[in-house]
Amino acid sequence: MSKVGIIANPASGKDIRRLVAYGTVFDNQEKVNIVRRVLLALAATGVEEVIYMPDYFGIVPRAADGIGSRHRLSMDIVSADIELTGTQEDSYRAALELNRYGVGCIITLGGDGTNRMVAKGCGEIPLLPISTGTNNVFPEMIEGTSAGLAAGVVARGLACKPPAIHPTKKLVIYKNGIPVDIALIDAVILKDTFVGSRAVWDAERIRQVVVTRGEAHNIGISSIAGVLEPVGVMEERGLVMEVDQGEANLLAPIAPGLVEPLRVKDYRRIELNEEIKVTDVPCLIALDGEREIEVREGDEVKIKLTFDGPRVIDMRTALREAALRGCFRGDAVAKHVRRLKEEV
Amino acid sequence: MKLTKEQLLGFYKTMTTIRAFEMKAAELFAAGQLPGFVHLYAGEEAVATGVCANLEQKDFITSTHRGHGHLIAKGGKIDLMMAELFGRSTGYCKGKGGSMHIADVDLGILGANGIVGAGQPIATGAALACKYKKNGAVVVCFFGDGASNRGTFHESLNMASIWRLPVVYVAENNMWGISNNQKNHMNVADIADRAGAYGIPGVAVDGNDVIAVYEAAAEAIKRARSGDGPSLIECKTWRHRGHFEGDPAIYKDPKEQEAWLKKDPIPRLAAKIIELKYASRAELDKIEADAEAEIEAAVKFAQASPIPSPEDVFTDVYAE
């Protein structure tokens, strides 16, 4: 049975960067619209069951509810059995649960922070991340219909090998020898004490940056790597940068609309499995744009680059592969027409 | 974000003073000593504290029917507030207003308000006055989730936006409009989403984390003071008690209530202060004891104060 998971974060796209930068308020009605298109496309590819993360707004049920009677869906849509906390923990728990359900892939709606939480629990299940966050390096701006079609062909085993699905890197954060968290894009060491409103936007507080990737077109701290020495998704290396408060020597878009002058004192490539020691202690470490780990005097923190991050679906490649295999022609058309007639 | 030890201990003092005031009001109301209704702010202390810590005396706030916390955080005098709750002539309104009408214009407190959503146009008008007078002051407008459904909310945000007024709208989303859960009375989960309709920034923050509230409010107030216009901050929080004292709140799911009580903003701040070694548990206990003593002194002051005389009915009716 082909199953697809959906984790749509109702809280993404609403943090303080609407005030301190120029981030857009990503309202939940728009997420409902995107998921509606995802569901219709999944149904068209013959997916039989969708399991979703419940949330305080009810993004997926509202999406299903708003589909017109002439497009009634042929698949089951069920809520994952998790107790909601109203925190980012929900995305992690939902990913664990979707793993248990054995879904063929998980569509996420959120930013880098949301995907970081999903990555902690999704195991080998590939992700198809749709951007609805503030910093969106890991997810892409993808039309919901295209995302649904791609997830559908992957879940049905019609496009499930590289390059349609590719591995990603991650950073593992060790505190006093124990792995405490991960980041998919960047770990930023800040001269700060409090997690507070979580987001990162103040260049003056940045001391050190470790990235798995970074391009000049990225928005967020990883863009610093992008303008210095770009690191691609599939390159077997990362970059570490030391930042200080001297005269600025580069410009980088560290938040929406904020192209900030910064001074990078030093930088170098890092190899896979290399560990970077955090030297400026005490500090705060932001992971994928969110202040997360408080490091106190006496703590020892290391950051390790690995190539065992979540597997990710390349929407364009997956659809191309499926199209070349004739997945949208012949029998597939007849089956879909039959399903539509049965629903009516 | 920089916050000193003194600031964090100041937050703790304000929050424990609000809590002590509210718990005493609950006790007095149950004992039949307060003549009017009281709507308590217990559980929401981080919002008023985090926001008002960014304000100066020249700045203004408008409050709500659940206003004790706002007033204390803006510097309201505890003894005059308590005397007002007792209906005594030494109270803020000479004992004629009660809990829902306390104001102190000298402190920039433009009043609690018994009408849901009525503070919003007052705040907007005050912000227009600040801009017109060029006095550098800003206005903070506190209101609840239910009030964000009122026409006053939408009219106010629209007007403040087109005139770029120095006002910060703070939605205290405690999830309940009286006994009506938010999901039954609005079709959005985040009130912050509504800012987009008026072309102003809207952010949602953890309203039980005083540091997160402080940080968001600091940026919004800085923005307003710089002439960049209004903002909407939604603080997600929870009222520990019923809508009013005497409301058994049977509409609340006990499991949800229990989960929120675990997120009580006061123990959360205490844990942070102790972790940072800014104070010991014993020192925090002393702050709480001092707050309770201040409230007890206010109760004694109120109880010793006279009740307004029948002739006072005819005073303060018209402006002189």
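Predicted model: local features only at pLDDT ≥ 70, side-chain atom pairs only at ≥ 80, totals over all residues.
Which residues of α11(B) are buried?

## Helix α11 of chain B

The buried residues of α11(B) are Leu284(B), Ala291(B), Ile295(B), Ala298(B), Val299(B) and Ala302(B).

Helix α11 (residues 281-304) of chain B has 24 residues, which at 1.5 Å a residue should span 34 Å; the end C-alpha atoms are 35 Å apart, so the two values agree.

## The sheet of chain B

Chain B also holds an open sheet of five strands, in the order β1-β2-β3-β7-β6, with parallel pairing. At its edges are β1 (60-62) and β6 (202-206) of chain B, each of which pairs on one side only. From one strand to the next, the twist averages 20°.

β1(B) pairs with strand β2 (residues 139-144) of chain B in the parallel sense, over three bridges. Here Ile61(B) stands opposite Val140(B) in β2(B). Helix α5 (residues 119-133) of chain B lies across β1, β2 and β3 (167-173) of chain B, and runs at about 170° to β2(B).

## An exposed glutamate

Is Glu258(B) buried or exposed? This residue is found in helix α9 (residues 254-261) of chain B. Glu258(B) counts as exposed because it has 10 C-beta neighbours inside 10 Å, and the cut-off for exposed is 12 or fewer. Along the chain, Glu258(B) and His240(B) are 18 residues apart, while their C-alpha atoms are separated by 9.6 Å.

## Two domains in chain A

Chain A is divided into domain 1 (3-167 + 311-343) and domain 2 (170-306). Their C-alpha centres lie 29 Å apart, and the contact takes 19 residues from domain 1 of chain A and 22 residues from domain 2 of chain A.

On the domain 1 side of this contact, α1 and α5 (112-122) of chain A each supply at least two residues. α5(A) gives the most, with six residues. That side divides into seven nonpolar, seven polar and five charged residues.

## Where the chains meet

Between the chains, 17 residues of chain A are in contact with 22 residues of chain B. Helix α1 (residues 17-20) of chain A gives the most to the chain A side, with three residues. The residues of that side divide into nine nonpolar, three polar and five charged.

Methods. Residues numbered from 1 in each chain as written. Chains lettered and ligands numbered in written order. Contact = placed C-beta atoms within 7 Å. Helix = DSSP H or I, 4+ residues; strand = E, 2+ residues; numbered from the N terminus. Nonpolar A, V, L, I, M, F, W, Y, C, P; charged D, E, K, R; others polar. Buried ≥ 20, exposed ≤ 12 C-beta atoms within 10 Å, placed from the backbone. Expected span 1.5 Å × (residues − 1). Domains from an automatic or database assignment. Pairing = 2+ DSSP bridges. Axes fitted to C-alpha atoms, helices over the stretch in contact; angles between N-to-C directions.
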